[in-house]
Amino acid sequence: MALPVYKTDVIDKVFFLRWDAPPTPEEIQAVFQKMQAAYQQHQQPLVLVTIAGAKSAVPNSEQRRHLSNMLSDARALFSEIHVIIEGNELQHNLQRVIVSGMLIVTRTYDDQFIRVHKNADGAAGFIARRLGVDGSQVVNEARSRGVVM
């Protein structure tokens, strides 16, 4: 059995989700169940920080559809979502632009709900304002646990 292509962790009401490769529908379902469990444990919407690793391949159309469906289903579980696309190459910059554009075109984009960042440090200030915690400390803890690079 292959290892999962994702890693999750919850730190101070922030659900971190790292994808190191495009997921299977089964992996997406497993992640969604973890999201639901975290929501039930805290009894309030969390902040989602989802990370696409710099070496992760771009998901194909079927994988993107499944991920989009998961995002729709998970919307009620989160007060805001931060999408991190790691990497500095042209490909990564284009991915950030494409994801931002898709969110706008599909009307999923909401500056108060979903934001796209180059790295997790970009989300730290938003985490701090939303949760009243030290966002940089939360991100650094996620780094130490291997969810954020």
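**Close-up views of a predicted model**

**View 1. Helices α1 and α2 pack side by side with axes that come within 10 Å.** In this predicted model, the axis of helix α1 (residues 25-42) crosses that of helix α2 (residues 61-74) at roughly 15°. An angle under 35 degrees counts as roughly parallel, which makes α1 roughly parallel to α2. The crossing of the two helices, α1 and α2, is right-handed. On the α1 side, the residues that meet α2 are Pro25, Ile28, Val31, Phe32 and Met35. Their partners in α2 are Glu62, Gln63, His66, Leu67, Met70, Asp73 and Ala74.

**View 2. Helix α4 (residues 121-131) has three named buried positions: Ala123, Ala124 and Ile127.** These residues span an arc of only 120° around the helix axis, so they lie on the same side of α4. Gly132 follows α4 and has a positive phi, near 70°.

**View 3. Helix α5 has a buried side and a face turned away from it that carries exposed residues.** The buried residues of α5 are Gly135, Val138, Val139 and Ala142. They cover an arc of only 95° around the axis, and therefore sit on the same side of α5. The cover over these buried residues includes strands β1 (6-11) and β2, together with helix α4. Gln137 and Ser144 are the exposed residues on the face of α5 turned away from the buried side.

**View 4. The chain as a whole, for orientation, contains 5 helices and 5 strands.** Read from the N terminus, the order of elements is β-β-α-β-α-β-α-β-α-α. Of the 149 residues in the chain, 39% are buried. Among contacts in the chain with a separation of 6 or more, 71% join residues 24 or more positions apart.

Notes: Residues numbered from 1 in each chain as written. Predicted model: local features only at pLDDT ≥ 70, side-chain atom pairs only at ≥ 80, totals over all residues. Heavy atoms only, no water. Buried < 20%, exposed > 50% of the residue type's maximum accessible area, 1.4 Å probe, protein only. Helix = DSSP H or I, 4+ residues; strand = E, 2+ residues; numbered from the N terminus. Arc of directions from axis to C-beta. Contact = heavy atoms within 4.5 Å. Axes fitted to C-alpha atoms, helices over the stretch in contact; angles between N-to-C directions. Parallel < 35°, antiparallel > 145°, perpendicular 65-115°, else oblique. Left-handed = near helix turned anticlockwise from the far one by under 90°.
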